[in-house]
Amino acid sequence: MKKYLYYSLLITAMLLGCKKNNIELIDGKTPEARVNETLAYYKSTLVDYDKGWIACVYPAGTSNYPRGGYTFYMKFTPDGKVDMYSDFNNNTIVAKKQSAYSVQITGRPSLNFDTYNYIHLLADPSTDVNGGEAGRGYYSDFEFGFKKIYADSVVFEGNLYKSKMVLRKATAQDLTALEQHSYVNLKNDIQNYALLYPFLYVNPVQGTNNTTVLFNMATRMLTFNWKENGVMQEKSIAFAAVLDRLVLKNLFINGDISIAEIRLDKSKNQLFLVDKAGKELAIRPENNPLESFGERISIYRFTALRLQKDNQAGNGATLYNNTETSMNNGGRKLQYIEITRRAIDTVIVNYRYINSSGSGYNAYKEYILKVNNNGQVTFTDFVSKQTGGNYNNYNNSGAVGAYVSEFHNFLTQNAFDADYETGNINGGVQTLGRLKVSTNNNYFLRWNVN
Amino acid sequence: MKKIEKNRAILYLSLFILLALGCKKTENLEDQVNKMDFSGDYRPPTAIDQWLLENITNPYNIKIKYYWDRSELSLTKSITPIDENKVIPVAQTLLKYFLQPYRSETTDYFIKTYPPKQYIFVGSAEYNSNGSVTVGSADAGKKITLFRLNSFNPDNRDSLLRVLKTIHHEFGHILHQNAIYSPDYKSISAPADYLGDEWVDHTDAEAYQLGFVSAYARNQPNEDFAEMIAILLVYGQRYFDNIVEMAGVAGAAKLRAKETMIVEYYRQLWNIDFRALQSRIQSALPPEPTLASILGYHKKFVEFKFVESDASIKKSTVFAGLLPAIKSELLGYGSRALDYILFNFDEIQGELRVRMYATYPSGSTNNSLRFKIIPVTDKTFKLQLYDPASGSFFNATPTLRNYLSSNTFKIEYQGASTLIGGFYVVGQEQTNFVTGILQ
């Protein structure tokens, strides 16, 4: 063994001794010289653009805790300072905050935000700061590896969670919006638009690949829904709000649909989808949701459908009034009746009321819901076979059962046709889901569906 | 054999040296190594850096690192850097309540040698898998990391003490990493009472009974030692004495034994008068707030709990005289046997709820009387019955109702305690009060 040691020592010595003669430096520079040149190049990319950058940061989130994108303005100075605004909340969009940054090697050439600024709000492990997961926040980064440099943008990937950050050169338009603190307006505008037009179709041709989009401004995610072989599909994608558009974290592709951004044209009161090449197509508001009303109430979903007094007419209105009067006689004020899917084949009807001392209560009754071959919907009184699990009679439904018996009988003694009714209902254009007694065209109930 | 091999070894080694040196260039390699620097370009010193240099680094030989450096911290956890606005306030706290008091009680040599050479300031806490958070750590007697500094507010006494406790706790570790305390310290509490990571599942109150100054002290003896130092120095003797009082006979004896050993440790191994150091820090700190300023709606304490059987809650002559009537009236109301009374300020602003918790034949229950708080002076107040139509319970409890609505009270701690306090009738402070555990 020792022999080998000596020989290897000998060989090493020979190699070491002559090392200098064999050195070939790439471009004639030492590694650290080349590294520092690279870092200087990356840094100058950020510093040299004097209007600053618009940054979209997409935290990694988790499947249990999805999180969409946040928009920042960042201006880098040569002495390692960065000024920031953010659309995190209404304060961070108004007050500029300065902190330190550096361009370093941390595994790879990285942009690090070295003292606290708005970008750390997403990464902060304290729930008090961001309402995120204790110990993890939004699973977001503040050390970002450089991935790609384009003429007017730089793409980064977070070193810890692989969250995504895209820096785009700020334009005069961006700076004006920042000055006017209007960067937060888009989310409200889109929310308002979506309230007016709840059923938004992104597919360019009606009937082909019907796909709808829903916006969640709280989580900053949007959700696409479409049907495949009759089965509803959904995909949620993070967005960041930038000026007049939502910039998606990833391209959404489904058949002939390809969406990189969604733009709101306020003057035309119109949403557009923008594909990768920048081509725009109008997003179509339609009267009806993607699912038929029959599907809507028979597919396993938790969205509650609400029956309100104002939306009823004819015999349905009489039924509602009778139920209301009956509840009143029992000392309770009926607020609305709601239908929610409970399990794969049952629904809950909630009679929501206010008692004599002003507190709100729910009274739940559970029904087996079936859709027959003719598309007719039936409700059967559900009696749970589980002991202690009799959902048919819980949360005060015992207390109000007698007052809602007419309504209960109406549901259980009829077969219904389910469809949508759109039009001028009670003075406003809206879409309601309708359950019409199959044998009587004038007897129906209408449910809010958006 | 051996010898031959040795000779051969010498031969090979000389050959190695000869060959290795053979082609040596005359460059100074050491300089090149020192030049290796992948940290990007130079960051010019800021006003904060200048302040730290003048006030901390030059006089105390301590470097404060506040720029983010992942290599100093866990590589896999979500931890965020400090806000620059917090750097100088934390450093001032370090200076005023740690370095200066120690400097005054020791020597120039001590203060430049033993305090950690480096402090790392971190904005967020470090979250651990057992659900606890790390607020400080000490490494190898040289480096202390302080976490959760972004929520530091030097104007808030609780916040100040929290950070200061971490500073002194971690320095306690540095001291014992340099000079270990007597092994006898570890046997004051039973070995089985040290729990490792499971300390998080136990309360402070349990810890006191076993002779520990906090739940965290039960982690292991070194933590016990550091917690004792930090609580004695930062929270002060009055606070410690309160803990001892709550600890029961066995717990109190252990806490006193540990306290004595800490004082001795400082004297024998470091030649420091611990008591002088303690009073120096205590007199530098902002005064303790009055109970009246921290008991109330949405304050540090929101209620106090009167328990007749708890001997640490003193019973005034007058209130003790009323207790039998209070209890028998409650007993007359559906056979409710009084367990305790909560005096709660937190349900509605400007209102006091007096909630009587009782055991009755089919379980336990509570009923409350509601009072509006009517200030008389800035320190005294009266209680006005509110919503007197609230029913039979109101009518069933005339003694307590009348006692509370017919006196003028002020809020005080019970004696030296910082954990017990309540209502004292103005002008009869010695004989007429009702107090309870602050919570």
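Hi everyone, let me start in chain B: the C-alpha centres of its domain 1 and domain 2 lie 38 Å apart, with bounds that come from an automatic or database domain assignment. That contact takes seven residues from domain 1 of chain B and six residues from domain 2 of chain B, where contact means C-beta atoms, placed from the backbone, within 7 Å. On the domain 1 side, helix α8 (residues 221–246) of chain B gives the most, with six residues. By class, that side of domain 1 of chain B has two nonpolar, one polar and four charged residues. For the classes, Ala, Val, Leu, Ile, Met, Phe, Trp, Tyr, Cys and Pro count as nonpolar, Asp, Glu, Lys and Arg as charged, and the others, Gly among them, as polar. The assignment itself gives 47–284 for domain 1 of chain B and 292–438 for domain 2.

A word on the model: it is predicted, local features need pLDDT of at least 70, side-chain atom pairs count only at pLDDT 80 or more, and totals for chains, interfaces and linings use all residues. Residues are numbered from 1 along each chain as its sequence is written, while chains are lettered from A and ligands numbered from 1 in the order in which they are written.

Staying with chain B, which residues of helix α14 (residues 398–406) are buried? They are Leu400(B), Arg401(B) and Leu404(B), buried meaning 20 or more other C-beta atoms within 10 Å of a residue's own, exposed 12 or fewer, and partly exposed in between. These residues sit on the same side of α14(B), because they cover an arc of only 100° around the axis, taken from the directions from the helix axis to the C-beta atoms. Turned away from that side are the exposed Pro398(B), Asn402(B) and Ser406(B). The cover over the buried residues of α14(B) includes α12 and β9 of chain B. Helices here are DSSP runs of H or I with at least four residues, strands are runs of E with at least two, and both are numbered from the N terminus.

Now to chain A, where the domain assignment gives domain 1 (32–180), domain 2 (183–285) and domain 3 (293–448). The C-alpha centres of domains 2 and 3 of chain A lie 32 Å apart.

Pairing takes at least two DSSP bridges between two strands; β20 (residues 346–354) and β21 (residues 360–371) of chain A have nine. Within that pair, Ile348(A) stands opposite Glu366(A).

Elsewhere in chain A, β2(A) and β3(A) form a hairpin with four residues between them, and Gly80(A) in the turn has a positive phi of about 85°.

Most residues other than glycine have a negative phi. Arg220(A), in the loop between β10 and β11 of chain A, has a positive phi near 60°. Is Arg220(A) buried or exposed? With 23 C-beta neighbours inside 10 Å, Arg220(A) counts as buried. Leu243(A) also has a positive phi, of about 50°, but is partly exposed, with 18 other C-beta atoms within 10 Å.

Conventions. Two residues are in contact if their C-beta atoms, placed from the backbone, lie within 7 Å.
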